[in-house]
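Welcome! Please take a moment to look over the sequence and the 3D view before reading on.

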Amino acid sequence: MHLLLNKTAIEIVDPAADTTLLQWLRESQHLTATKEGCAVGDCGACTVMLGELEQGTIVYRSVNACIALLGSLDGCHLITLDILQGSALNKGLHPVQQAMVDCHSSQCGFCSPGFVMSLVVWWLNTPANQLATPEAFAKHRHGVELALSGNLCRCTGYHPILLAADQLAPMDRAMDPLFDQVGGYDKCLAQLSNMAFLSQSQSHARDISAQAYMAPSSLDELALAYEAFPQTRLVAGSTDLALDITHGLKSIDRLIDVTGVAELRSIEQHGNQIYIGAAVSLSAVEVFCQKDLPAMSDLLGRFASRQVRNRGTLVGNIANSSPIADIPPLLLVMDAQLILQRGLNQRTIPLKEFNLGYKQTALKTGEFIHSVILPLPLSGQRVSVEKVSKRAEDDISATCVAMSVIIEHGTITQINIACGGMAAIPKMASETQRQLLGQPLTHELVAQVPLWLAQDYQPIDDMRASAAYRQQVTANLIQGFLKEAMQ
């Protein structure tokens, strides 16, 4: 694999499957500006910039180095805080660093490297006209908060850091010294383009089955590799799998990465359906759904952090088969389907038939999720999803409730309700739906929801919420949704 690290091109031969990017940076490259805090992708101290070639340009995103696997970075441009420290020695502080100093935005300093890198990425990707005036920036403040939602600070507090972001507003980002330090944007683009050419030209001669980190470049290659090694774990963003390495202390000898397959990186709309490939990131889904399915974009705004959404995938959230997964409830109420593939054969099943029990799925040996078919709302269909958690962002839900309804002449003609965190799998509220469907929508009908809901779910007590709380708040959310629909 080939990687551009700051301004140095590096070739790595057959990296170990379970080597994390943070481990490689600190132990192999001796670049220690990137810190390890939580090692699970929660605190953001390890944030780095990752650039990938997309349609002839480099797109830079923030990534948690602690849960990114080294093998997944083939053909990428990795920028760490160390290059900004070089800027501090040679040309003065980077504008983000200077703003942090001016606003007293650092105290112990352990989290500061991650905040700096997240702000650099945010600043680089924010259109200049959204930062041109204080009024324009005030409307965009939420974007800053989203960019920093995966960076936690224990001692300074967030207000000085947000003030530092305010101070960046009037600056000319075209003069960003970052690219001076890495040799210029055009040079970086040329190097990544050359790496992509080398990878493509060498692909026909390689034997991926001999590699610890297998990275198929075509759908057929992936399907045949997984059929040959069905016990090997598939990986995309590794935002969950890496926790087995960093916290579970497990050794993983072989992985198969799906992100190099062009068909699986595709997200497209055909008619009233969106087709989402297995390698499509949550950030890409968040942007794509803003117009036609805003409930999905709103939900993803509270899903983990920007760093996690930049790597994690929608299909990964399904395949993980977690009872507290946030996305399946919304997909269930939209009657989503899954395209599954084994070898060269495909089949399509409803999502509601995928989860068979706790961590049990309908996948056969050697079969994987190719893509998701997500129907868009019908005319007159109201769709809502509510996530209840202790923190607004970057937290696991106590309950996640998705609902869709169509009301015609005061009568419920379509109703879907699904919940996460309420059972061993994300599950439809079948009895509640049955009782509501075809009934005139009245306050008397809505008042009976808790009785029916108790037949659908028997949640558990755990550290996030008691069973009674889950039951009551879920009923409240459904009742509130139906009362709004009355209007």
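This is a predicted model: local features need pLDDT of at least 70, side-chain atom pairs count only at pLDDT 80 or more; totals for chains, interfaces and linings use all residues.

Residues are numbered from 1 along each chain as its sequence is written, and side-chain values use heavy atoms, with hydrogens and water left out.

Let us begin with helix α4 (residues 112–125) and helix α6 (residues 159–168), whose axes come within 11 Å and cross at roughly 30 degrees. Helices here are DSSP runs of H or I with at least four residues, and strands are runs of E with at least two, numbered from the N terminus. Axes are lines fitted to C-alpha atoms, for helices over the stretch in contact, and angles run from 0 to 180 degrees between N-to-C directions. The crossing of α4 and α6 is right-handed, a term for a near helix turned clockwise from the far one by less than a right angle. On the α4 side, Phe115, Leu119, Trp122 and Trp123 are in contact (heavy atoms within 4.5 Å) with Ile161, Ala165 and Leu168 of α6. The residues of this contact are seven nonpolar, no polar and no charged; Ala, Val, Leu, Ile, Met, Phe, Trp, Tyr, Cys and Pro count as nonpolar, Asp, Glu, Lys and Arg as charged, and the others, Gly among them, as polar.

Now find helix α18 (residues 449–456) and helix α19 (residues 467–486), with axes that come within 10 Å and cross at roughly 130 degrees. That angle makes α18 oblique to α19, since angles under 35 degrees count as roughly parallel, over 145 as roughly antiparallel, 65 to 115 as roughly perpendicular and the rest as oblique. From α18, Val449, Pro450, Leu453 and Ala454 take part in the contact, and from α19, Gln471, Thr474, Ala475, Ile478, Gln479 and Leu482. Here the division is seven nonpolar, three polar and no charged.

What about disulfides? The structure holds zero of them, a disulfide being a pair of cysteine sulfur atoms within 2.5 Å. The sulfur of Cys43 lies 3.8 Å from the closest cysteine sulfur, in Cys38, which is too far for a bond. Cys43 is buried at 15% relative accessibility, where buried means under 20% relative accessible area, exposed over 50% and partly exposed in between (1.4 Å probe, protein chains only).

Finally, visit Leu376, in the loop between β15 (367–375) and β16 (382–388). Leu376 is buried, with a relative accessible area of 5%. Leaving aside neighbours within four places in sequence, the contacts of Leu376 include Gln269, Ile274, Leu293 and Met334.
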